[in-house]
Amino acid sequence: MEPYVITIGRELGSGGKSIGEIMAKALDIPIYDSRLIKLAAKESGFNPELFREADEVTNKGFFASVVRTIASPFTNIGDYNNSGISNESLFQMQTEIIRKKAETENCIIVGRCADYILRNHPRHLNLFIRADYNDRVEFLAKRMEITPEKARQLIDRTDNQRSEYHNFYCETNWGDSRAYDLCVNSSLLGLEGTAQFLLEFATQYLHINDNK
């Protein structure tokens with residue numbers, strides 16, 4: 001049976017990454033989020049800081065080759081234009097890493113347009129996790145030890161960046177329920193409860209236990 005991949009889109013402060021980590025631990029599979037930066041940097045030979053600065057942040061200098069990269073599942077890093085390093089080139093490199101991981105192992109991937117990049121993967125589940133705004137502010141303020149006002153500013157700025165990044169590279173809109181297999185509000189069940197609910201759904205939807 002083909003490896004399965006679960007992608008998680010998330011609002012900042014919804015606990016999406018934490019929920020993914022709970023799921024990954026229960027399923028005994030790796031989870032990739034910002035760690036994709038290190039993998040892309042290692043394989044490309046570029047400084048990780050280049051990827052970190054471009055991580056889920058849009059550069060408006062878009063060109064058509066990005067669309068071709070997303071559309072084709074057989075693009076290699078060696079084929080990229082080496083005349084310069086733009087955000088689009090870095091995105092292409094990270095795209096290749098995402099595809100490679102999804103083709104070779106069961107895994108969870110958080111953000112990075114993975115839902116759209118892997119839309120043709122034979123065994124994928126695309127999730128989006130949101131939460132009530134006040135809960136997000138409280139969660140982020142506590143986790144980062146910042147004031148509620150700073151938490152609100154960070155949430156608004158980050159959500160805007162993630163939305164622009166996703167909508168820039170993808171034909172689907174970030175957070176639009178039609179772009180995902182399942183959207184959930186983590187405020188209703190909390191992190192553990194949401195993770196358990198999604199685990200049960202994923203197990204049935206992806207037939208995870210069928211080959212045991």
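Predicted model: local features only at pLDDT ≥ 70, side-chain atom pairs only at ≥ 80, totals over all residues.
Residues are numbered from 1 along each chain as its sequence is written, and side-chain values use heavy atoms, with hydrogens and water left out. Local features need pLDDT of at least 70 and side-chain atom pairs count only at pLDDT 80 or more, while totals for chains, interfaces and linings use all residues.

**View 1. The chain as a whole has 9 helices and 5 strands.** Helices (H or I, at least four residues) and strands (E, at least two) are DSSP runs, numbered from the N terminus. Starting there, the order of elements is β-α-β-α-α-α-α-β-α-β-α-α-β-α. Of the 212 residues in the chain, 50% are buried. Buried means under 20% relative accessible area, exposed over 50% and partly exposed in between (1.4 Å probe, protein chains only). Contact means heavy atoms within 4.5 Å. Among contacts in the chain with a separation of 6 or more, 72% join residues 24 or more positions apart.

**View 2. The largest nonpolar core holds 23 residues.** A nonpolar core is a set of buried Ala, Val, Leu, Ile, Met, Phe, Trp, Tyr and Cys residues joined through side-chain atoms within 4.5 Å. Ile6, Met23, Ile108, Leu127 and Leu198 touch the most other members. At least two residues each come from strand 1 (5-10), helix 1, strand 3, strand 4 (124-130), strand 5 (182-185) and helix 9 (186-205). Helix 1 gives the most, with 5 residues. Leaving out residues up to four places away in sequence, Met23 touches Ile6, Ile108, Leu127, Ala195, Leu198 and Leu199. Another core, of 18 residues, lies apart from this one and includes Val5, Tyr116, Ile117 and Phe168.

**View 3. Ring pairs link Phe91, Tyr165, Phe168 and Tyr169 into a cluster.** Rings of Phe, Tyr and Trp (its six-membered ring) pair if their centres lie within 6.5 Å; planes under 30 degrees apart count as stacked, over 60 as edge-to-face and the rest as tilted. The whole structure has 7 aromatic pairs. In one of them, Tyr165 and Tyr169 have ring centres 5.1 Å apart and planes at 65°, so the pair is edge-to-face. Phe168 and Tyr169 are also edge-to-face, because their planes stand at 80°, with centres 4.9 Å apart. Tyr165 and Tyr169 are 4 residues apart in helix 8 (residues 148-169), so about one helical turn separates them. Both are buried; Tyr169 has a relative accessible area of 4%.

**View 4. The charged end of Arg119 sits over the ring of Tyr116.** The charged end is 4.0 Å from the ring centre. A charge sits over a ring if NZ of Lys or CZ of Arg is within 6 Å of the ring centre and within 35 degrees of the ring normal.

**View 5. Asp28 and Arg112 have positive phi values.** Asp28 lies in the loop between helix 1 (16-27) and strand 2 (31-32). Its phi is about 60°, although Asp28 is not a glycine. Asp28 is exposed, at 71% relative accessible area. Arg112 is in the loop between strand 3 (107-110) and helix 6 (114-117). Phi of Arg112 is near 55°. Arg112 is buried, at 4% relative accessibility. Its side chain reaches the backbone oxygen of Val110 at 3.1 Å.

Note on methods. Polar contact = N/O pair within 3.5 Å; in protein donor to acceptor, adjacent residues only side chain to side chain.
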